[in-house]
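Please look at the sequence and the structure first.

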Amino acid sequence: MTTEVRVPTLGESVTEATVATWFKKPGDTVNADEMLCELETDKVTVEVPSPAAGTLGEIVAGEGQTVGVDALLATLSEANGAAAAPAAPAPAAAPSGGDSAPVPVMVPALGESVSEATVSSWFKKVGDTVTQDEMLCELETDKVSVEVPAPAAGVLTEIIAAEGATVQAAAQLGVIAGGATGSSAAPSAPAAAQNPAAATASASKDIANAPSAEKAMAEAGLNASQVSGSGRDGRIMKEDVAAAVAAAKTAPPAAPAAPAPAQVRGPVTADDAAREERVKMTRLRQTIAKRLKDSQNTAAMLTTYNEVDMTEVMALRNEYKDLFLKKHGVKLGFMSFFTKACCHALKEVPEVNAEIDGTDIVYKNFVHMGVAAGTPTGLVVPVIRDADAMSFAAIEKAIAEKGARARDGKLSMAEMQGGTFTISNGGVYGSLMSSPILNPPQSGILGMHKIQDRPMAINGKVEIRPMMYLALSYDHRIVDGKGAVTFLVRVKEALEDPRRLLMDL
């Protein structure tokens with residue numbers, strides 16, 4: 001049976017792509033979902049997976065050729081009994097056990113526009129017995145961490161891409177030989193019996209700490225010897241690093257304060273180099289740095305400010321928070337009010353929710369709200385899709401769930417793409433005022449800040465009110481000052497009288 005390989009959907013407003021690279025050639029055997037080729041559009045890189053297992057037949061669109069959506073790229077002869085026959089002799093190469101052919105461990109799909117990753121940790125070593133779907137290693141891309149499960153049960157016989165290696169999408173990481181049977185597991189038993197102490201020492205030496213813990217230690221300037229691991233076999237987890245950092249903060253500061261006079265007295269000396277620590281930026285941090293700088297270089301960014309009296313929102317929240325929690329199972333916070341207020345204002349000033357595509361302005365008839373979240377590894381922006389159609393409870397649940405996944409490094413690529421507007425809450429860290437940077441290709445971002453009691457003139461009298469500064473950064477190329485100020489005023493009005501949100505005023 002012949003299957004057609006066609007150009008997938010390329011994304012909103014994208015109608016054509018260029019075939020950049022073919023990873024397979026005619027006659028190659030491929031697995032279902034194995035990457036066949038890569039397409040480039042004017043926005044992203046798109047990988048094309050195999051729709052079925054079989055043999056690649058004719059390549060219709062060669063490298064460098066421009067193709068439209070749903071165009072034919074190649075043909076595929078699906079696997080059958082004859083095609084599978086050549087694999088039969090393979091078990092002979094794996095005497096360590098099992099009746100199955102060696103199974104390659106491949107780099108999984110990394111997501112749209114991601115073409116490579118770095119091997120951050122191997123959880124298994126050569127010779128280890130693994131079960132199907134057991135985590136073998138973790139890859140780090142410039143956006144997310146990706147765990148690689150074992151495609152089959154057996155023995156890990158070869159690691160092709162070691163820790164620290166950069167691998168391309170669909171590259172081979174290792175090899176699993178045979179099925180996990182009694183005979184395959186047997187060789188490891190005598191080794192442990194001969195010298196259990198040595199086996200224990202070896203195991204502890206090769207334990208891979210949780211990748212999130214490694215990143216947290218790098219951020220905190222700690223090494224593994226300073227952290228006590230609570231995970232399996234003493235593996236250091238992210239929570240262990242947090243505990244070590246907290247313990248360090250409560251420790252007497254006298255010892256680290258000693259070197260300070262030497263730094264103040266004179267210029268930098270050679271001795272200072274011994275007390276410095278150089279840590280390589282994570283791929284996520286490199287991407288954050290690049291995107292933020294690109295945003296400043298590309299957009300005509302301008303920020304306008306206002307302030308909002310939070311009295312009514314706080315009163316409404318205090319009145320209903322217990323009932324809200326009891327009914328919906330989630331706390332009523334301020335973010336749902338701000339999300340609703342922004343969605344309301346974006347309807348009146350749609351250019352703040354738009355983006356520039358070449359010489360076109362693309363207006364969005366929906367709101368996919370990005371909610372910036374700080375994590376141990378850096379800033380990420382999970383997206384709440386169709387926030388304009390959601391209730392307060394649905395918004396709070398989505399923010400809580402995505403925030404937890406962001407902190408654990410479990411967000412998928414899809415959950416961080418497609419946002420049309422972003423809210424960033426620096427107030428949770430105590431920020432009183434800031435100018436947020438746009439999250440391209442978006443044209444607007446709202447910065448929330450700390451709620452602080454201030455004296456305000458109310459009807460000719462001075463009253464103490466809980467006030468918050470708001471900052472709207474926008475792309476002046478498509479958003480005029482009038483539109484930006486109008487947007488911010490509408491947000492202010494909705495928050496100072498939340499009943500307006502209920503009546504769509």
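This is a predicted model: local features need pLDDT of at least 70, side-chain atom pairs count only at pLDDT 80 or more; totals for chains, interfaces and linings use all residues.

Residues are numbered from 1 along each chain as its sequence is written, and side-chain values use heavy atoms, with hydrogens and water left out.

**Whole chain**

- The chain has 15 helices and 27 strands, where helices (H or I, at least four residues) and strands (E, at least two) are DSSP runs numbered from the N terminus.
- Of its 505 residues, 38% count as buried; buried means under 20% relative accessible area, exposed over 50%, and partly exposed in between, with a 1.4 Å probe and protein chains only.
- The accessible surface is about 26300 Å², and 54% of that belongs to carbon and sulfur atoms; the areas come from the Shrake-Rupley method with a 1.4 Å probe, and for residues only the protein chains shown count as cover.
- Among contacts (heavy atoms within 4.5 Å) between residues at least 6 apart in sequence, 63% join residues at least 24 apart.

**Nonpolar cores**

- A nonpolar core is a set of buried Ala, Val, Leu, Ile, Met, Phe, Trp, Tyr and Cys residues joined through side-chain atoms within 4.5 Å.
- The largest core has 45 residues, and those with the most contacts inside it are Phe338, Met369, Phe421 and Phe487.
- Elements that give two or more residues to this core include helix H11 (311–328), helix H12 (335–348), strand S24 (421–425) and helix H14 (481–496).
- H12 provides the largest share of this core, 8 residues.
- A second, separate core of 22 residues includes Val130, Val146, Val148 and Leu173.
- In soluble globular proteins, nonpolar side chains tend to be buried together.

**Cysteines**

- The count is 0 disulfides, a disulfide being a pair of cysteine sulfur atoms within 2.5 Å.
- Cys342 is in no disulfide, and the nearest cysteine sulfur, that of Cys343, is 7.1 Å away.
- That distance is too far for a bond between Cys343 and Cys342.
- Cys342 is buried, with a relative accessible area of 0%, and Cys343 is buried at 4%.

**Surface sites**

- Tyr305, Leu432 and Met433 form a nonpolar surface patch with about 260 Å² of accessible area together.
- Patches are made of residues with over 30% relative accessible area and no salt bridge, with like charges joined within 9 Å and nonpolar side chains (Val, Leu, Ile, Met, Phe, Trp, Tyr) within 5 Å; a salt bridge is a side-chain nitrogen of Lys or Arg within 4 Å of a carboxyl oxygen of Asp or Glu.
- Tyr305 lies in strand S17 (residues 301–309) and is partly exposed at 38% relative accessibility.
- Lys331 sits in the loop between H11 and H12 and is exposed, with a relative accessible area of 65%.
- Not counting residues up to four places away in sequence, Lys331 touches Phe324, Leu325 and Glu396.

**Backbone**

- Most residues other than glycine have a negative phi, and most peptide bonds are trans.
- A cis peptide bond, with omega about 5 degrees, joins Pro440 and Pro441; Pro441 lies in the loop between S24 and S25.
- Asp70, although not a glycine, has a positive phi of about 70 degrees.
- Asp133, also not a glycine, has a positive phi of about 75 degrees and is exposed, with a relative accessible area of 53%.
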